[in-house]
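Hi everyone, thanks for coming along. Let me put the sequence and the structure up, and then I'll talk you through them.

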Amino acid sequence: MTRAISVRLDDDALRALGQLEAQGLTQSEAIRSSLVHEAARLRDRQALVAEVSALEADEGDRAEMAAVASLMEQLRAPE
């Protein structure tokens with residue numbers, strides 16, 4: 001199902017739309033693909049935040065990171 005909407009574009013959005021149209025996309029294609037792309041990017045970011053939170057909550061993983069950091073510090077060349 002499709003639904004028509006109206007949108008007001010500022011100068012930056014108009015320039016971006018022009019760039020997409022210059023690549024051969026219609027206005028509708030450009031706007032639809034941009035919306036889908038941005039939603040996917042947000043989902044990816046949220047998944048990454050969740051993964052980082054899970055890793056930070058893992059005591060074993062934090063201990064391993066600290067051990068690796070300590071080892072790297074010991075191996076660092078003297079100044």
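Accessible areas here come from the Shrake-Rupley method with a 1.4 Å probe. On that basis the protein chain has an accessible surface of about 7300 Å², and 57% of that belongs to carbon and sulfur atoms.

A word on provenance: this is a predicted model, where local features need pLDDT of at least 70, side-chain atom pairs count only at pLDDT 80 or more, and totals for chains, interfaces and linings use all residues. Residues are numbered from 1 along each chain as its sequence is written, and side-chain values use heavy atoms, with hydrogens and water left out.

Now the overall form. Of the 79 residues in the protein chain, 3% are buried, meaning under 20% relative accessible area. The radius of gyration, taken over C-alpha atoms, is 23 Å, whereas a compact globule of 79 residues would be near 12 Å (the rule being 2.2 Å times the number of residues to the power 0.38). Along the principal axes, the C-alpha atoms fill a box of roughly 60 × 35 × 20 Å.

The chain has three helices and zero strands, as DSSP runs of H or I with at least four residues for helices, and E with at least two for strands.

So how do H2 and H3 pack? Helix H2 (residues 27-57) and helix H3 (residues 59-75) meet at an angle of about 80 degrees, with their axes 5 Å apart. That makes H2 roughly perpendicular to H3, a label covering 65 to 115 degrees. With contact meaning heavy atoms within 4.5 Å, Leu-55, Glu-56 and Ala-57 in H2 meet Glu-59, Asp-61 and Arg-62 in H3.

Conventions. Axes fitted to C-alpha atoms, helices over the stretch in contact; angles between N-to-C directions. Parallel < 35°, antiparallel > 145°, perpendicular 65-115°, else oblique. Buried < 20%, exposed > 50% of the residue type's maximum accessible area, 1.4 Å probe, protein only.
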